[in-house]
Amino acid sequence: MNKIFAANWKMYLNEQESLDFVSKILSNKHLFLSNKVMIFPSHTAISSVKSALQNLSNIQVGMQDCDIEMSGAVTGSNSINSIFVDSCIVGHSERRTIFKEDEKMIKQKLENSLKTVKSTILCIGETLEEKKQDETFKILDKQLSILPSTLNGKKLIIAYEPVWAIGTGLVASNDYIKEVLSYINNAIKSLYSDEILSNINLFYGGSVNESSVESLSTIPLLDGFLVGSASADFKKFENILKKMR
Ligand code: PGA
């Protein structure tokens with residue numbers, strides 16, 4: 001199966017820079033038509049990116065986060081139905097650490113997203129301290145404990161992103177990722193029917209770049225990647241996709 005590439009642009013690109021990126025996509029259509037790509041611009045650029053990409057409907061556009069509320073008095077925040085998108089990321093480690101989001105909030109966001117958009121990316125992963133304490137699986141169990149009993153036909157992507165690999169240039173080893181993905185796979189197998197499991201994908205994220213992607217893509221169980229900094233630089237993202245041909 002072709003790998004799926006989710007580009008998390010975080011707060012790297014403003015609206016104009018996002019549009020410049022999209023115009024480079026449009027001049028390299030063939031590459032972007034032959035790959036499964038999802039783009040997560042900053043909220044303020046979603047609308048412009050969506051309209052600039054209207055002729056490339058295979059590229060999904062999503063939100064990097066959503067509020068725990070669907071509407072109301074929440075100054076500066078964005079609900080999952082504030083704009084039409086294909087997907088939403090919840091539980092990213094930067095939200096967990098910078099915005100102090102706990103499992104209860106992430107569960108609410110997951111529910112809001114699952115009932116509103118086609119696919120939701122739930123990020124999970126241990127910190128370096130937790131890894132050193134041999135607590136990886138305990139942390140994953142806690143982060144997976146918020147999974148709902150059914151997905152109502154929606155797609156769920158579980159992105160394993162060890163926090164120590166995000167933005168650090170450190171990529172987890174293939175063996176380590178393999179072990180963790182099989183743990184996650186067993187956990188979801190015990191929760192869901194085969195029909196629901198067919199709507200769940202497993203991703204890896206954490207310093208994925210043009211040098212690591214080829215070897216990472218040989219990992220069994222891996223359906224795709226959540227790419228941060230390398231996805232916000234057109235040349236780097238293009239090279240990642242080229243490696244997959
Ligand atoms: P990175 O970020 O690729 O810059 O490490 C990944 C992520 O945060 O999803």
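A: Strand β3, residues 60-63, and strand β4, residues 87-90, pair in the parallel sense over two bridges. Strands here are DSSP runs of E with at least two residues, and helices are DSSP runs of H or I with at least four residues, both numbered from the N terminus. Two strands count as paired if DSSP finds at least two bridges between them. Within this pair, Gly62 has Ser87 of β4 as its bridge partner.

The model is a predicted one, in which local features need pLDDT of at least 70 and side-chain atom pairs count only at pLDDT 80 or more, while totals for chains, interfaces and linings use all residues. Residues are numbered from 1 along each chain as its sequence is written, and side-chain values use heavy atoms, with hydrogens and water left out.

The β3-β4 pair belongs to a closed barrel of eight strands, in the order β1-β2-β3-β4-β5-β6-β7-β8, with parallel pairing. From one strand to the next the twist averages 25°; axes are lines fitted to C-alpha atoms, for helices over the stretch in contact, and angles run from 0 to 180 degrees between N-to-C directions. Strands of a sheet pair through backbone hydrogen bonds, either parallel or antiparallel.

Strand β1 has partners on both sides. It runs parallel to β2 and is joined to it by five bridges, with Ala7 opposite Ile39 in β2. Four bridges join β1 to β8, also in parallel, and there Phe5 has Phe225 as its bridge partner. Because five of the five residues of β1 are buried, this strand is largely enclosed by the rest of the structure. Buried means under 20% relative accessible area, exposed over 50%, and partly exposed in between, with a 1.4 Å probe and protein chains only. In a regular strand the side chains alternate between the two faces of the sheet. In β1, Ile4, Ala6 and Asn8 point one way, Phe5 and Ala7 point the other way, and all are buried. Helix α11, residues 234-243, lies across β1, β2 and β8 and runs at about 170° to β1.

Two polar side chains elsewhere in the chain are also buried. Ser207 sits in the loop between β7 (200-205) and α10 (213-216) and counts as buried because its relative accessibility is 16%. A polar atom of its side chain lies 2.8 Å from the backbone nitrogen of Gly169, and the side chain of Ser207 reaches the backbone nitrogen of Thr168 at 3.5 Å. A polar contact is a pair of N or O atoms within 3.5 Å; within protein, one must be able to donate a hydrogen and the other to accept it, and residues adjacent in sequence count only if both atoms are side-chain atoms. Not counting residues up to four places away in sequence, Ser207 touches several residues, including Ala165, Leu170 and Ser212, where contact means heavy atoms within 4.5 Å.

Asn112, in helix α5 (residues 103-116), counts as buried because its relative accessibility is 1%. A polar atom of its side chain lies 2.9 Å from the backbone oxygen of Ile68. Beyond residues up to four places away in sequence, Asn112 touches Asp67, Ile68, Glu69, Met70 and Ile80.

For the whole chain, the secondary structure comes to eleven helices and eight strands, and 51% of the 245 residues count as buried.
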